Amino acid sequence: MDILRELYDFFPTAVFTGKALVFISEETRVELTEHRRANFSSIGKEMPVLRVRIFKKALNGEFVPGHYEDFELHSINELAAQVERYIQFAVGKNIREITEP
């Protein structure tokens, strides 16, 4: 949750649901969720992973999961920049354009 809270400052158009940051428009939904992956070389430490999932609206009006990508960057600034870039290329729009009516 720590990564999501920090990224919320970078993406003010997102909605924080308590477990995900969500960007939504009429045709696209993007979810950012935090996962923990055990690092067995460092006992007791877990490496946070940010998963970005892209959903497209189907003809029946429901959002259908498409592809996703996991990010493991330690710098929050670089993480935000790479996530924004990934979403922009995957959806074909800037994050700011996703949430506009």
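Is Tyr86 buried or exposed? Tyr86 is buried, at a relative accessible area of 18%; buried means under 20%, exposed over 50%, partly exposed in between, with a 1.4 Å probe and protein chains only.

Ground rules next. I am reading a predicted model, where local features need pLDDT of at least 70, side-chain atom pairs count only at pLDDT 80 or more, and totals for chains, interfaces and linings use all residues. Residues are numbered from 1 along each chain as its sequence is written, and side-chain values use heavy atoms, with hydrogens and water left out.

**Aromatic pairs.** I counted rings of Phe, Tyr and Trp (its six-membered ring) as paired if their centres lie within 6.5 Å; planes under 30 degrees apart are stacked, over 60 edge-to-face, the rest tilted. The count comes to 2 aromatic pairs. Phe11 and Phe23 are edge-to-face, 5.6 Å centre to centre with 80° between the planes. Phe11 sits in the loop between α1 and β1 and Phe23 in strand β2 (residues 21-24), so this pair ties together parts 12 residues apart in sequence. Helices (H or I, at least four residues) and strands (E, at least two) are DSSP runs, numbered from the N terminus. Phe11 is buried at 4% relative accessibility, and Phe23 is buried at 0%.

I then looked at Phe71 and Tyr86, which are edge-to-face, 5.6 Å centre to centre with 75° between the planes. Phe71 is in strand β5 (residues 63-71) and Tyr86 in helix α2, 15 residues apart. Phe71 is buried too, at 11%.

**Helix α1.** Its buried residues are Ile3, Leu4 and Leu7.

**Thr28.** I found Thr28 in strand β3 (residues 28-38), buried at 2%. Leaving aside neighbours within four places in sequence, Thr28 is in contact (heavy atoms within 4.5 Å) with Phe23, Phe55, Lys56, Phe63 and Val91.

**Val15.** Val15 is in strand β1 (residues 15-16) and partly exposed, at 49%. With neighbours within four places set aside, Val15 is in contact with Ala20, Leu21 and Val22.
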